[in-house]
Amino acid sequence: MSVTALRAPLGHTTVASDKLGSYRNTQALIEMGCRPQLVVKLTAASMPEVKVLHRRFHGEEGADKGGRKARSLLPLLENHPKHAASSLFYKIYASILALYGVERAMVHTDAFVRALMSYQAADPSGAIDPDQAYLIASLHHTGEVLLTRCKVCPAQYMISSTPLSNRYNTTTGRCPLCYELALLSADRGRVRVTDPKTQREIFRDIIG
Ligand SMILES: [Zn+2]
């Protein structure tokens, strides 16, 4: 058996001239609840085409009400359920992206479609929406977010590559799993986990 045969198969990147592939991506993005503006950004489809499809799937009721797009990373790092969900989406996106074997500075549509699908199946609560998922994927390509391994628990989570300022201090993001475990720790109540030794003790108590 040759070495090539042992390699994981690389995904086929949908190009703009591939009308069927582009249509499939457009349809999937709309079904998953992406706003028309986001669908247009990610596919070769035009806004009128996207709006027709959007109405077909979601009806007039589901029309985009506008509103603000997700622009800031900080709300995703500071809200622990959102941080855990962001980390999950990011891990899925990065692993699917690797299958396409492409290095690029912009979001890879095929990888994004598949990652969002897997994320929504894995997290029915939908703690992050498609705009927030797109923000994470964009920041990955600009090198503004990274995945890191927690030194205390087995989690891998998303951090900012540079410290971000909030009202109280600066942060790159702390392990959301350790935070959740600290909340679950009955005898400690709502502890603020800052000390790795305390975190390790809490983790050992809960996991055994
Ligand atoms: Zn942790």
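Below are my entries, from the whole chain down to single residues.

**Ground rules.** I am working with a predicted model, in which local features need pLDDT of at least 70, side-chain atom pairs count only at pLDDT 80 or more, and totals for chains, interfaces and linings use all residues. I number residues from 1 along each chain as its sequence is written.

**Whole chain.** I took helices (H or I, at least four residues) and strands (E, at least two) as DSSP runs, numbered from the N terminus. That gave me 10 helices and four strands. Reading along the sequence, I wrote down α-α-α-α-α-α-α-α-β-β-β-β-α-α. Next I looked up burial, where a residue is buried if 20 or more other C-beta atoms lie within 10 Å of its own, exposed if 12 or fewer, and partly exposed in between, with C-beta atoms placed from the backbone. Of the 208 residues, 31% come out as buried. For contacts I asked that two C-beta atoms, placed from the backbone, lie within 7 Å. Among contacts with a separation of 6 or more, 55% are between residues 24 or more positions apart.

**Helix H7.** How far apart are the end C-alpha atoms of H7? I found 20 Å for residues 109-122, which agrees with the 20 Å that 14 residues should span at 1.5 Å a residue. The expected span here is 1.5 Å times one less than the number of residues. The buried residues of H7 include Phe 112, Val 113, Leu 116 and Tyr 119. I then checked what the buried residues of H7 pack against, and noted H2 (19-31), H3 (36-42), H6 (80-100) and H8 (130-141).

**H2 on H7.** Two packed helices are described by the angle between their axes and the distance between the axes. I use axes that are lines fitted to C-alpha atoms, for helices over the stretch in contact, with angles that run from 0 to 180 degrees between N-to-C directions. H2 and H7 pack at about 35°, and their axes are 10 Å apart. Asn 25, Ala 28 and Leu 29 of H2 make the contact with Thr 109, Asp 110, Val 113 and Met 117 of H7. I logged this crossing as left-handed, meaning that the near helix is turned anticlockwise from the far one by less than a right angle; clockwise would be right-handed.

**H6 and its partners.** The axes of H6 and H8 come within 10 Å and cross at roughly 55°. I therefore call H6 and H8 oblique to each other; angles under 35 degrees count as roughly parallel, over 145 as roughly antiparallel, 65 to 115 as roughly perpendicular and the rest as oblique. H6 passes H8 in a right-handed crossing. On the H6 side I found Ser 86, Phe 89, Tyr 90, Tyr 93 and Ala 94, meeting Gln 132, Ala 133, Ile 136, Ala 137 and His 140 of H8.

I turned next to H9 (residues 176-184), which packs with H6 at about 140°, the axes being 9 Å apart. H6 and H9 are therefore oblique to each other, and their crossing is left-handed. Here His 80, His 83, Ala 84 and Ser 87 of H6 meet Pro 176, Leu 177, Tyr 179 and Glu 180 of H9.

**The hairpin.** Strands pair if DSSP finds at least two bridges between them. Five bridges join E1 (residues 145-149) to E2 (residues 156-160), and the two strands run antiparallel. E1 and E2 make a hairpin, with six residues between them. Which residue of E2 is the bridge partner of Leu 147? I found Met 158.

**Two single residues.** His 58 sits in H4 (residues 47-58). I count His 58 as partly exposed, because 14 other C-beta atoms lie within 10 Å. The C-alpha atoms of His 58 and Ile 30 are separated by 8.6 Å, though 28 residues apart along the chain. Just after H4, Gly 59 has a positive phi of about 70°.

Is Ala 105 buried or exposed? Ala 105 is exposed, because 8 other C-beta atoms lie within 10 Å. I placed Ala 105 in the loop between H6 and H7. Ala 105 and His 141 are 5.0 Å apart, C-alpha to C-alpha, and 36 residues apart in sequence.
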